[in-house]
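This briefing concerns a single protein model. Please keep the sequence and the three-dimensional view at hand while reading.

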Amino acid sequence: MNEQELRERIAMHGQSIFNRGLTAGSSGNISVRVPDGMLITPTNSCLGRLDPERISKISNTGHLISGDKPSKEAFLHHSMYQSRPDEQSIVHLHSTHSVAVSCLENVDRSNALPPITAYYVMRVGTLPVVPYFAPGDERLAGAVEQAAKASRAVLLSNHGPVVAGKSLDAAVASTEELEETAKLFLMLRQEKTRYLTDADVTELNQRFPG
Ligand SMILES: O=C(O)[C@@H](O)C(=O)COP(=O)(O)O
Ligand SMILES: [Zn+2]
């Protein structure tokens, strides 16, 4: 996809995400790598009403090349790309059930969600939880960079998910699957539940690597 097509696809996904209530107001941000840096949604923009021409383009050193002022989380996207050189896109949302899990006191901070379904294991895998810092706090960079070495998805405490993918479509699909699994996890909290076993997870990772 060329840069113009990527801009249009960011706007298309933003609108779809917003229209389905997966993030509200001006929350969330989306980025895609381009050869000379990244495209990222402007700060305070509503994902449902993005203008492809105004999407920010920033260099690999963090300088604005064109478009509106970038998301305040651009540094966080940059850190995640550093940890995951094969990933091409990152999505951060305030999707309700994922945010709810990020607020639980006794969540497993090495992996917030159990393997409930095969598709979750294939699309997300593990979900380390990063300590709380205010949005835009640069201390998030180091924490996310470290956590993302082992997982394409991280959960920011009392905030929400950040998910990388090998394409924009893949990053969006993984973020949606994470949200559905967070919802199932919360629905099943009072129920005796059979999660997938370690052997099931190993088999899935062998059958569907990457
Ligand atoms: O929660 C926040 O403030 C940010 O993480 C966010 O979701 C939206 O920030 P901008 O991308 O700067 O609009
Ligand atoms: Zn946020």
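UniProt positions are given in the numbering used here, feature names are shortened, and annotations may be inferred rather than shown by experiment. The UniProt record, an unreviewed entry, places the feature "domain: Class II aldolase/adducin N-terminal" at residues 8-186. The model is predicted: local features need pLDDT of at least 70 and side-chain atom pairs count only at pLDDT 80 or more, while totals for chains, interfaces and linings use all residues. Residues are numbered from 1 along each chain as its sequence is written, chains are lettered from A and ligands numbered from 1 in the order in which they are written, and side-chain values use heavy atoms, with hydrogens and water left out.

**Secondary structure**

- Residues 8-186 are 35% helix and 18% strand, and the end C-alpha atoms of this stretch are 35 Å apart; helices (H or I, at least four residues) and strands (E, at least two) are DSSP runs, numbered from the N terminus.
- Helix α6 (residues 168-187) has 20 residues and should span 28 Å at 1.5 Å a residue, in agreement with the 29 Å between its end C-alpha atoms; the expected span is 1.5 Å times one less than the number of residues.
- Among the buried residues of α6 are Leu168, Val172, Leu178 and Phe185, where buried means under 20% relative accessible area, exposed over 50% and partly exposed in between (1.4 Å probe, protein chains only).

**Nonpolar cores**

- A nonpolar core is a set of buried Ala, Val, Leu, Ile, Met, Phe, Trp, Tyr and Cys residues joined through side-chain atoms within 4.5 Å.
- The largest such core has 20 residues, and Val154 and Leu156 have the most contacts inside it.
- At least two residues of this core come from each of β2 (37-40), α2 (74-83), α5 (139-147), β7 (153-156) and β8 (160-165), and α2 gives the most, with five.
- A second, separate core of 17 residues includes Leu6, Leu22, Leu50 and Val172.

- Histidine 92 is buried at 4% relative accessible area, whereas histidine 94 is partly exposed at 32%.

**The loop at glycine 25**

- Glycine 25 lies in the loop between α1 (3-19) and β1 (29-34) and is partly exposed, at 44% relative accessibility.
- Glycine 25 and asparagine 44 are 19 residues apart in sequence and 8.8 Å apart in space, C-alpha to C-alpha.
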